[in-house]
Amino acid sequence: MTTLQRNIDGPELDKRAEPHTRIEGRFGIIDIGSNSVRLVIYESAKRNPVPIFNEKVMAGLGAQLSETGRLDPDGVERAMRALKRFSALIVQLDVEHTAMVATAAVRDASDGATFAAEVEAATGLELRVLSGKEEAAYAALGVLSGIPDADGIVGDLGGGSLELVDLKKGVTGKGVTLPLGPLRLLGSGLSQKEILKEIDKAFDQVDWLDKAQGRTLYAVGGVWRNLARIHMAQNEYPVRVLHEYQMPASEAADLAKLIERLGPKSLAKIPDVSSRRVGALPLGAMVLSRLIAATKVKKVEISAYGLREGVLFDQLSDADRTGDPLLAGASDLAKRLVRFPEHRHELGDWVAPLFGPGGLGETDGQKRLRLAACSLADIGWYVHPDYRAMHAFEQTLLAPLAGVNHAERVFLARVGFHRHEGAGEPAAFGNLSGLLKEEDHHRAQVLGLALRVAFTLCAATVGVLPYTRLVLTKDALTLNVQRSHQAFCGEVVEKRLSALARVLDVQSKKVIV
């Protein structure tokens, strides 16, 4: 994996007075945005953070910012009610560490400082009002925490501003914040034609946008996620996971231009449009279509990780920050859902001969998927045997994991299915098969069947597999078993070994050594 660096033109988040150590206990983030205020509580600050509580209130603090230069009075009242509740929840849920940040509306409003002081007095928490450069930096850091090798441009669209940051293979470059949030544009009083001119003028002043040509736009923000949901529905896309969902830039632009022309009543009839986004969606779509035109990116990829995840990632220990998010997430999930989480080490070693030079071989990327699959291999154990295969398939496909694209999700899900079902085909796989190459389908089947043999052999317990070993040659798959453990090799083990051998197109045999 690429080592993360942050050389953004602004605050250098990588410069620390001393190395961070691991933060123990629950970690909460309160994000006070121009359109919404949100509390997210994580079990702890981890490489692959999974929320245990997530609540958002559409306060609309920035609704009148363009017109009056001040925060919306009704929005202030709604926000304060929400923030008082959030502070009570933080106490109730024993949150040990809390970061509270505010972005464009509070930063730019003439009464922002007064509001910030009232928030601190009401909650007892310190409020950090981020500068535009800090907001851009954290947004980029959040994207990189979930997509470590990201290469392109980050676009984080909030209610009051748009943050853009250049990324080059996991390294941040220049960043800028622009006053193009839908809520701000909505309250500007300008006509659609005038808004288009303002958007294009803002992009024309960013002299590095042409470097994004032919690359990827990593889209962050609720409005753009809503557009992606519509695109998913239009294309009957089977994996309903927004993180790392990709759209060709031309299709994203066409959809955005269509949404621009729709009124509130028409938008409200679209099943995948949130009622809370109806007002902002056309303007957010307009910003997206003009950004695609200005950058000439090749594709748009959704990042579910943004500013909040960037704030959390910056709090991680130095060791955690350099970890692989997929492997860290799979390991963490295993600790919650499998019988013996430590079993992954034995499983990884036991199946490795199938993927060595004498077997199927594997790249570094394929190896990390194999190791993740070994962590998740027992994820369906507690379900009735008739449903374990599909449960493992669905749980793995939709798992809250980062650092894994949709094709890789399908690979891991297929491994989980074959670990329980054998060589059959999952009923749901028809719509998903196009996401994987034939070679990867075969590799997933081999790995799943090998794990099926392993779990049958050791009864899902730790300590048996090291006394056995798989050997794969061009003619045979041999299970070597030390004499002290030969009793573990029963009829079912031999049957499942034969099934694995057939998929590898070799003969199976057992040898007592």
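Author: In counting charges, Lys and Arg are taken as positive and Asp and Glu as negative, while His and the chain ends are left out. This model is predicted. Its chain carries 63 positive and 63 negative charges, and their mean positions lie 3 Å apart.

Reader: How many helices and strands are in the chain?

Author: The chain contains 20 helices and 15 strands. Its radius of gyration is 25 Å, close to the 24 Å that the globule rule gives for 513 residues, so the chain is as compact as a globular protein of that length. The C-alpha trace spans about 85 × 45 × 40 Å along its principal axes.

Reader: What percentage of the 513 residues in the chain is buried?

Author: A residue is called buried when its relative accessible area is under 20%. Buried residues make up 56% of the 513 residues. As for contacts with a separation of 6 or more, 71% of them join residues 24 or more positions apart. The accessible surface of the chain comes to about 21900 Å², and carbon and sulfur atoms account for 49% of that area.

Reader: Which residues of α16 are buried, and what covers them?

Author: Helix α16 comprises the 13 residues 364-376 and reaches 19 Å from its first C-alpha to its last, close to the expected 18 Å. Its buried residues are Q366, R368, L369, R370, A372, A373, C374, S375 and L376. Their cover includes α14 (325-337), α15 (343-351), α17 (388-397), α18 (406-421) and α19 (438-458).

Definitions and conventions. Residues are numbered from 1 along each chain as its sequence is written. This is a predicted model: local features need pLDDT of at least 70, side-chain atom pairs count only at pLDDT 80 or more; totals for chains, interfaces and linings use all residues. Side-chain values use heavy atoms; hydrogens and water are left out. Helices (H or I, at least four residues) and strands (E, at least two) are DSSP runs, numbered from the N terminus. The expected span of a helix is 1.5 Å times one less than its number of residues. Buried means under 20% relative accessible area, exposed over 50%, partly exposed in between (1.4 Å probe, protein chains only). Contact means heavy atoms within 4.5 Å. The radius of gyration is taken over C-alpha atoms; the globule rule is 2.2 Å times the number of residues to the power 0.38. Accessible areas come from the Shrake-Rupley method with a 1.4 Å probe; for residues, only the protein chains shown count as cover. The place of a charge is taken as NZ of Lys, CZ of Arg, CG of Asp or CD of Glu.
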